[in-house]
Amino acid sequence: MAIPEEKLIRIRAWEGVRAIYEGLPVEKRSDRMEADRFHIYELLLAPLEEIREAPESHPEGDLLYHSLQVFTLAREKLAYDEEFLTAALLHDVGKGLDRQNHVVAGLEALQGFVTPRTAWLIEHHVDALLLRNGALGARSRRRLESHESFDELVLLAQCDAAGRQVGMNVPTLSEAIDFLRALAHANEADESWDAE
């Protein structure tokens, strides 16, 4: 029996991540950030090009194009916020691993490769869409509103909802990854400057 193409895409993404992780020295495996996290992002995002959503909710086509649209819109709002932009690019990455429970799958794959703030934004992006549509309960809303990154979560939901356009100009996946990598290096340089 042949393996369905969608399952093969997931297997290839996981094998790529596993190979990088296993290539780390044993003493560094507990700190997954030692791996090239940007390469991990690219490995997890690339298969999304083969995954399409329902045209009624996602007329733009494949999930990679959607993710790049959300990233582009987010960059127009907060071009300096690496954690927010990373969440914008990776918010649906779990759909390449488990379409039924994409948030959990995405967070599991990204564990140790994103900051806690980025993980929180990804974890709650569906809640933010529900909030935007008036479908989130009062208790859940209060819980989200109490978080220090609530405003960015609302902005992520706006970008997610708007990132469903046909024909929008977006960077390539490599260009988006390069932007994040450059921003990370710039932030590291700023931190080392501040420490002096």
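Accessible areas come from the Shrake-Rupley method with a 1.4 Å probe, and for residues only the protein chains shown count as cover. By that method, the accessible surface of this protein comes to about 10,500 Å², of which 51% belongs to carbon and sulfur atoms.

The model you are looking at is predicted: local features need pLDDT of at least 70, side-chain atom pairs count only at pLDDT 80 or more, and totals for chains, interfaces and linings use all residues. Residues are numbered from 1 along each chain as its sequence is written, and side-chain values use heavy atoms, with hydrogens and water left out.

Let's start with the overall layout. The protein has ten helices and zero strands; helices (H or I, at least four residues) and strands (E, at least two) are DSSP runs, numbered from the N terminus. Of the 196 residues, 46% are buried, where buried means under 20% relative accessible area, exposed over 50%, and partly exposed in between (1.4 Å probe, protein chains only).

Now for the inside. A nonpolar core is a set of buried Ala, Val, Leu, Ile, Met, Phe, Trp, Tyr and Cys residues joined through side-chain atoms within 4.5 Å. The largest one here has 50 residues, and Tyr41, Leu45, Phe84, Leu89, Leu90 and Leu110 have the most contacts inside it. Among the elements that give two or more residues to this core are α2, α4 and α10, but α3 gives the most, with eight residues.

Contact means heavy atoms within 4.5 Å, and the table leaves out residues up to four places away in sequence.

| Residue | Residues touched |
|---|---|
| Leu90 | Tyr41, Leu45, Leu110, Val114 and Ile122 |
| Leu68 | Leu89, Val170, Pro171, Thr172, Leu173 and Ala176 |

Leu68 is found in helix α3 and is buried, with a relative accessible area of 5%. Its C-alpha atom is separated by 6.3 Å from that of Leu89, 21 residues apart along the chain.

Finally, look at one helix pair. The axes of α2 and α4 come within 11 Å and cross at roughly 25 degrees. Axes are lines fitted to C-alpha atoms, for helices over the stretch in contact, and angles run from 0 to 180 degrees between N-to-C directions. The two helices α2 and α4 are therefore roughly parallel to each other (angles under 35 degrees count as roughly parallel, over 145 as roughly antiparallel, 65 to 115 as roughly perpendicular and the rest as oblique). Arg37, Phe38, Tyr41 and Leu45 in α2 meet Glu82, Thr86, Leu89 and Leu90 in α4.
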